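Please inspect the sequence and the model before reading on.

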Amino acid sequence: MPRSGIAEYTDAMEERSNLRRIAWWFGGIVVGFKVWTVLLVIVFSVDWPTAWYLIFSHLAWFLGLLVLGSGPFLFWYRLFRVRRRREQLLRAEWEISEPTEYRRSRS
């Protein structure tokens, strides 16, 4: 019995949703473990140079997360601008104004 296109599409969307959820969980566990480890080292280390070293060595992680997060943000921002512009163009296309000659002859 062949599957319909709608059922295949729904299955594909569910699979993508599951994969996205797994990726978020994996990333959250990695970041959580990293933060927890840094906090434990800072709490149990007595000297500040060690704490500062840990903080500055993790700036690369924060910059990496910022770079990874900026791509999707810029994409959605661009999509929002394009959709807003499209809406303006569609609205302007259907707004009909009086011809200039007609307005001059009426006044």
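Which pattern does the chain follow when read along the sequence? The pattern is α-α-α-α, with four helices and zero strands in the chain. Helices (H or I, at least four residues) and strands (E, at least two) are DSSP runs, numbered from the N terminus.

## Basis of the model

The model is predicted: local features need pLDDT of at least 70 and side-chain atom pairs count only at pLDDT 80 or more, while totals for chains, interfaces and linings use all residues. Residues are numbered from 1 along each chain as its sequence is written, and side-chain values use heavy atoms, leaving out hydrogens and water.

## Surface

Of the 107 residues in the chain, 5% are buried (under 20% relative accessible area; exposed is over 50% and partly exposed in between, with a 1.4 Å probe and protein chains only). The accessible surface of the chain is about 10,400 Å², and carbon and sulfur atoms account for 69% of this area. Areas come from the Shrake-Rupley method with a 1.4 Å probe; for residues, only the protein chains shown count as cover.

## Helices α1 and α2

Helix α1 (residues 5-44) and helix α2 (residues 48-57) have axes that come within 9 Å and cross at roughly 165 degrees. The two helices are therefore roughly antiparallel (angles over 145 degrees). Contact (heavy atoms within 4.5 Å) involves V38, V41 and I42 of α1 and T50, A51, L54 and I55 of α2.

## Residue V35

V35 belongs to helix α1 and is partly exposed because its relative accessibility is 42%. Between V35 and H58 the C-alpha to C-alpha distance is 9.5 Å, at a sequence separation of 23 residues.

Note on methods:
Axes fitted to C-alpha atoms, helices over the stretch in contact; angles between N-to-C directions. Parallel < 35°, antiparallel > 145°, perpendicular 65-115°, else oblique.
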